[in-house]
Amino acid sequence: MRRITEVIRQHYEHLSPSERRVAGFIIDHLDDLATYNSVELSRQCDTSKATISRLFRRLGYSSFKEAREELRRLRQSGVPMPGPGLQAGGSLIERHFASESQHLQRVMQLAQTPLLAQVTERLADAQRVAVIGFRNSYPVALHLRQQLMQIRPAVQLLPQPGQTLAEELADLTDRDLVVLMAFHRRPAGFKTLLKTLLDRNIPVLLLCEQDSGLATLKPTWMLELPLNSVSAFDSYALPMSLVSLISNLLLHYQLDHGRARIEQINQLYEQTGELDLNLNVL
C-alpha cells in the first residue's frame with residue numbers, strides 16, 4: 001500500500017508553490033490529517049479547494065478523501081503512522097494519557113458483562129491452558145502465562161523459540177483452552193491456525209484489536225480492544241491491564257487453590273535461592 005509521505009517526496013519538485021505549501025502541511029500534520037475534509041484543509045493552507053483536488057490527482061489519488069482513507073487503513077493495520085489527536089489542544093503527553101484513560105473505560109465495560117465470568121470459569125476448569133502470541137502479541141502472551149502459572153498448573157506458552165506449533169497442538173482437546181493473542185499485523189496463516197483449532201473443537205479465547213474482522217471465524221470467546229494512540233505506535237496498556245484483570249479474577253475465583261500454589265512457589269524460591277527475597281534495605 002502506498003504511503004502518502006513517500007508519494008509527496010517523489011513528486012515534490014514538480015509541484016507548484018501552492019501545491020508545495022499544501023504538501024508541506026500534510027507532512028507536518030499527519031497526526032490530524034484524518035480529521036480534516038478538503039474545505040478545512042484548503043482553509044488551513046490558505047489555498048483553494050481546486051488546488052487541493054489538483055494536488056491529490058497529481059499524487060495519484062482520485063480525491064483527498066481517498067488519501068485520507070488510506071491513512072486510516074494504514075493506521076488500523078498497525079503500520080506506525082501518526083494517528084489523529086484525541087483533542088485539538090494539549091501536548092502529546094496530555095493527549096496520550098487522555099487517550100489511555102478513555103481506553104481503560106473499555107476494560108471497565110468488559111468487566112460488567114458475563115463474558116469475563118465465562119472466561120474465568122473456563123480458565124479454572126481447563127485441563128491445560130495454551131497461550132499463543134506472535135510478533136507484538138508475544139510479550140502480552142508471555143506476561144499472561146507468567147501470571148496464570150502462579151495460580152494454576154499446566155500453562156504453556158506456544159510456540160517455543162525456533163519451534164513449530166503442530167507438535168504442541170496435537171495433544172490439545174476440548175477439555176483444554178487456547179488463549180490466542182492476535183493483535184494486528186498478524187503473520188500469514190493466522191486465520192488457518194484459528195480455524196484449525198476450532199475445527200478440532202478446542203475452545204479458543206481470542207484477544208485482538210477493535211474492528212479486526214475476525215468475528216466471522218466465530219471463536220469461542222472474543223475480546224476486541226482498542227490499541228490506537230494519539231501518535232504513531234499502538235498502545236498495549238489495555239491488553240496488559242486486561243491480563244492483570246483476568247489473572248486476578250481467576251485467583252479470586254479459586255482463592256484457596258490459588259493461595260496454596262502461590263505459597264508453594266514462594267517456598268521453592270526460598271529453597272532454590274532464585275530470587276532475592278530479602279526486603280531489608282541497606
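**Entry 1: getting my bearings.** I started with the whole model, which is predicted. I counted 13 helices and five strands in the protein. Next I asked how much of the chain is covered, and found that buried residues make up 41% of the 282 residues. I also looked up the contacts with a separation of 6 or more, and 67% of them are between residues 24 or more positions apart.

**Entry 2: strand E1.** I picked E1, which spans residues 129-133. How many of its residues are buried? Five of its five residues are, and I noted the strand as mostly covered. Then I checked which way the residues point. Val129, Val131 and Gly133 point one way from E1, while Ala130 and Ile132 point the other way. Both groups are buried.

**Entry 3: the partners of E1.** Which strands pair with E1? I found E2, residues 155-158, running parallel to E1 and joined to it by four bridges. Across this pairing, Leu157 in E2 stands opposite Val131. I then found E3, residues 177-181, which is also parallel to E1, with five bridges between them. Here I looked up Ala130, and its bridge partner in E3 is Val178.

**Entry 4: from E1 to E2.** Helix H9, residues 137-148, makes a β-α-β unit together with E1 and E2. I noted the handedness of this unit as right-handed.

**Entry 5: Ser137.** I stayed with H9, because I wanted to look up one of its residues, Ser137. Is Ser137 buried or exposed? Its relative accessible area is 1%. The cut-off for buried is under 20%, so Ser137 counts as buried. Leaving out residues up to four places away in sequence, I found that Ser137 touches Met181, Ala182 and Phe183.

**Entry 6: the cavity.** How many cavities of 30 Å³ or more does the structure hold? I found one. The largest cavity has about 30 Å³ of space. I sorted the lining by type and got five nonpolar residues, one polar and three charged.

Terms used: Residues are numbered from 1 along each chain as its sequence is written. This is a predicted model: local features need pLDDT of at least 70, side-chain atom pairs count only at pLDDT 80 or more; totals for chains, interfaces and linings use all residues. Side-chain values use heavy atoms; hydrogens and water are left out. On a 1 Å grid over the protein atoms alone, a cavity is a set of points where a 1.4 Å probe fits but cannot get out, and a pocket is an open set with protein on both sides within 12 Å along at least five of seven lines; lining residues have an atom within 4 Å of a point. Grid points are joined across faces, edges and corners, and a volume is the space filled by probe spheres set on the points. Ala, Val, Leu, Ile, Met, Phe, Trp, Tyr, Cys and Pro count as nonpolar, Asp, Glu, Lys and Arg as charged, and the others, Gly among them, as polar. Buried means under 20% relative accessible area, exposed over 50%, partly exposed in between (1.4 Å probe, protein chains only). Helices (H or I, at least four residues) and strands (E, at least two) are DSSP runs, numbered from the N terminus. Two strands pair if DSSP finds at least two bridges between them. A crossover is right-handed if, with the strands pointing away from the viewer, the path from the first strand over the helix to the second runs clockwise. Contact means heavy atoms within 4.5 Å.
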